[in-house]
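The sequence and structure are shown first.

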Amino acid sequence: MRVVIAGGHGKVALRLARLLSGRGDAPVGLIRNPDQVADVEAAGAQAVLCDLERTTAAEVAEILLGAGAVVFAAGAGPGSGAARKFTVDQGAAVLLADAAERAGVSRFIQISSMGAGSPPAPGRDEVWAAYITAKTAAEEDLRARPLDWTILRPGRLTDGPGTGLVTLADPPLPPEAVPRDDVAAMIALIDAPDTRHRVLELIGGGVPVAEAVRLVLMR
């Protein structure tokens with residue numbers, strides 16, 4: 001299956017590309033910096049230059065034609081200001097969903113953030129508040145669309161080796177850590193039909209990833 005990943009050079013996206021290509025899927029990483037092409041290709045994905053802050057839904061839809069799924073894994077990043085939280089974490093997500101509808105790609109997985117869905121906690125800085133507000137708006141936009149969406153809210157992301165053991169549940173979960181390896185493994189397995197139209201949170205835990213998906217589908 002051809003899977004288009006927005007934010008294709010991100011740490012989760014590169015891990016996901018390796019998993020998908022390793023099992024025979026055809027990942028495509030959308031990137032805005034040509035210097036990132038080699039890293040994306042080394043992960044087994046096709047690299048496509050596409051700046052989601054400066055393109056149109058019609059142009060992105062051309063890239064999505066023939067895809068079986070779309071993953072929004074983009075983000076403005078920790079060094080960005082409040083304005084880019086709205087242009088990337090919200091605006092790019094909305095644009096990608098528009099493009100998916102135009103291209104007839106119904107399966108859409110959005111990586112969000114724990115804390116989204118509620119107002120920012122009092123006392124947090126302006127950039128964090130913008131981030132949570134943008135993620136919440138992107139979720140609300142996606143939930144109103146006729147797409148087969150799943151929203152995944154991971155906890156605090158770490159770069160340590162994945163354990164393969166997680167806790168996956170409907171919100172809320174405690175805001176604990178989860179390795180990026182395990183987030184990528186979860187996205188690769190989350191395509192079970194009953195995860196559609198679900199908002200799920202993910203942290204480290206004691207249940208194997210595949211079993212965690214099976215258990216959440218029973219609830």
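## Cover of helix 5

Strand 4 (69-72), helix 4, strand 5 (107-111), strand 6 (114-117) and strand 7 (148-154) are included in what covers the buried residues of helix 5. Helices (H or I, at least four residues) and strands (E, at least two) are DSSP runs, numbered from the N terminus. The buried residues (under 20% relative accessible area, 1.4 Å probe, protein chains only) of helix 5 are Ala130, Tyr131, Ile132, Ala134, Lys135, Thr136, Ala138, Glu139 and Leu142.

The model is predicted: local features need pLDDT of at least 70, side-chain atom pairs count only at pLDDT 80 or more, and totals for chains, interfaces and linings use all residues. Residues are numbered from 1 along each chain as its sequence is written, and side-chain values use heavy atoms, with hydrogens and water left out.

## Packing against helix 4

Helix 4 (residues 82-103) packs with helix 5 (residues 126-143) at an angle of about 10°, the axes being 8 Å apart. The two helices are therefore roughly parallel (angles under 35 degrees). Axes are lines fitted to C-alpha atoms over the stretch in contact, and angles run from 0 to 180 degrees between N-to-C directions.

The residues of this contact (heavy atoms within 4.5 Å) comprise twelve nonpolar, two polar and five charged.

## Gln110 in strand 5

Gln110 lies in strand 5 and counts as buried because its relative accessibility is 2%. Leaving aside residues up to four places away in sequence, Gln110 touches Phe72, Ala93, Ala138, Glu139, Leu142, Thr150, Ile151 and Leu152.

Technical notes:
Parallel < 35°, antiparallel > 145°, perpendicular 65-115°, else oblique. Nonpolar A, V, L, I, M, F, W, Y, C, P; charged D, E, K, R; others polar. Buried < 20%, exposed > 50% of the residue type's maximum accessible area, 1.4 Å probe, protein only.
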